[in-house]
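Here is a friendly walk through a model, for a reader who likes to check the geometry while reading. Please keep the viewer open as you go.

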Amino acid sequence: MRLKIALDTVLLVGRLVGLPAVLALVLAPSIQAEEPPSKPLPTVPDDHPVRLDRTGIRWVLPYERTQATARKTNHPMLIKAVAFGTTKSGCW
Amino acid sequence: MPLYFDLGRGSPAGDAAAKKVIAAIDPRLAGQRVPTPDVFILDPDGKLIDRTSNYASEAKYLALLRKVVGASKALSAETEAEAKRSIAERSWLRYCIGDTEAAMKLVAAEKDSLARARILRWERKFEDARKALGKHVDSFAERGVLEVFAAKYAEASALLTKVGAKDPRHAEAQYFLGVARFQQGKTKDAQGVWNGVIKTYGENAWSYRSDWALQNSKAKPGGGPVRFTTTGKKSGRNSGLGRHGYMGRKNPDLLRRS
């Protein structure tokens, strides 16, 4: 996936504590900030804690799928790992 | 391709394959009680391209992403789909990737002065940005945000209060109005504005930033960071968006500049 960066100071601080906001910016680079999703994006499994994320990052899960898509598109992978023991509800 | 996963054993956000790859790069992450993982950028074969601290500044992240994208002709070239977008969007993307020259060329025309002003603002060429906005571009939002960037908070406040509720940039304007008020020493006013963004817009990019600012603004001067709580909403210490708290860096917009 193209690393689409939008510099605008939207800088989303989502529920992914510590995730620098600029990583969230795969939004369309328009003068007006694109509205982040109010529902989980279809790329995220229904029972995965990251379904709670509203930053607009189009997560590609799990790793096998991330890599397969990266190989197909010849795009790099951006891996955000945490060590919280995230629960189903997104807490830790 | 962005992937999020949890190194913790048994977490529903776990990913054994991802953990194997990352632990091969940084063996410290294979065990228990690991340090805060970096953010890694890998090539499609799983080899490390670059990495940066989880706590890196926005500027560092942007520099990292620009470095990775800029190093690849395939990634940095404009795609067919991107070429169909508006001039403003195309120039912004060029600028974000680091190709300022191409970005400015796209918005050289008078009709694109708002898009040009935005890039100039980020380049911190405030006088040029003001000239680009001139008198005929009707954007109190852009004018106001520009003055926040330029640390002219009284001017910023005056402009941002004129952004109507139906303006597509109203949430952004309100957020920066809060920043301007905070920088003017009007912390309670600022907190009121940020609370208003959260109540009005709910889960929204500017609500997230407002929430971050709100929590950081509660820190006493010279004191430590505001403590976060896991004791639930009854404690009264949850953030406006119901977060337990914000770890990591402080909201950089609250750094005292004036």
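Let us begin at the end of a helix. Just after helix 12 of chain B, B:G202 takes a positive phi of about 60°. Please keep in mind that this is a predicted model.

Helix 12 of chain B spans residues 187–201, which makes 15 residues. From its first C-alpha to its last it reaches 21 Å, close to the 21 Å expected at 1.5 Å a residue. Its buried residues are B:A190, B:Q191, B:V193, B:W194, B:V197 and B:I198. Looking down the axis of helix 12 of chain B, you will find the buried residues within an arc of 160°, so they line one face of the helix. The face turned away from the buried side of helix 12 of chain B carries the exposed residues B:K188 and B:K199. The cover over the buried residues of helix 12 of chain B includes helix 11 and helix 13 (205–217) of chain B.

## Confidence

Chain B has a mean pLDDT of 89, with 91% of its residues at 70 or more. Among the elements of chain B, helix 11 (residues 170–183) has the highest mean pLDDT, 98, while helix 3 (residues 73–76) has the lowest, 85. For the complex, the predictor gives an ipTM of 0.72 and a pTM of 0.78.

Chain A has one helix and one strand, and buried residues make up 51% of its 92 residues. Among contacts in chain A between residues at least 6 apart in sequence, 42% join residues at least 24 apart.

Strand 1 of chain A (residues 77–82) runs parallel to strand 1 of chain B, and five bridges join the two. In these bridges, A:I79 has B:L3 as its partner, and A:V82 has B:D6.

Is strand 1 of chain B mostly covered or uncovered? It is mostly covered, with five of its five residues buried.

In helix 1 of chain B, the buried residues are B:A18, B:V21 and B:I22. Seen down the axis of helix 1 of chain B, they fall within an arc of 90°, so they line one face. They pack against helix 1 (63–73) and strand 1 of chain A, and against strand 1 and strand 2 of chain B. B:A16 and B:K20 are exposed residues on the face of helix 1 of chain B turned away from its buried side.

## Backbone details worth a look

Most residues other than glycine have a negative phi, and most peptide bonds are trans. B:R33 has a positive phi of about 50° although it is not a glycine, and its place is the loop between helix 1 and strand 2 of chain B. B:R33 counts as exposed because it has 6 C-beta neighbours inside 10 Å.

B:A151, also not a glycine, has a positive phi near 65°. B:A151 sits in the loop between helix 9 (140–149) and helix 10 (153–160) of chain B, and its 14 C-beta neighbours inside 10 Å make it partly exposed. In chain A, the peptide bond from A:L61 to A:P62 is cis, with omega near -15°. A:P62 lies in the segment before helix 1 of chain A.

Methods: Residues are numbered from 1 along each chain as its sequence is written. Chains are lettered from A and ligands numbered from 1 in the order in which they are written. This is a predicted model: local features need pLDDT of at least 70, side-chain atom pairs count only at pLDDT 80 or more; totals for chains, interfaces and linings use all residues. Two strands pair if DSSP finds at least two bridges between them. Helices (H or I, at least four residues) and strands (E, at least two) are DSSP runs, numbered from the N terminus. pLDDT is the predictor's confidence in each residue, from 0 to 100. A residue is buried if 20 or more other C-beta atoms lie within 10 Å of its own, exposed if 12 or fewer, and partly exposed in between; C-beta atoms are placed from the backbone. Two residues are in contact if their C-beta atoms, placed from the backbone, lie within 7 Å. The expected span of a helix is 1.5 Å times one less than its number of residues. The arc is that of the directions from the helix axis to the C-beta atoms.
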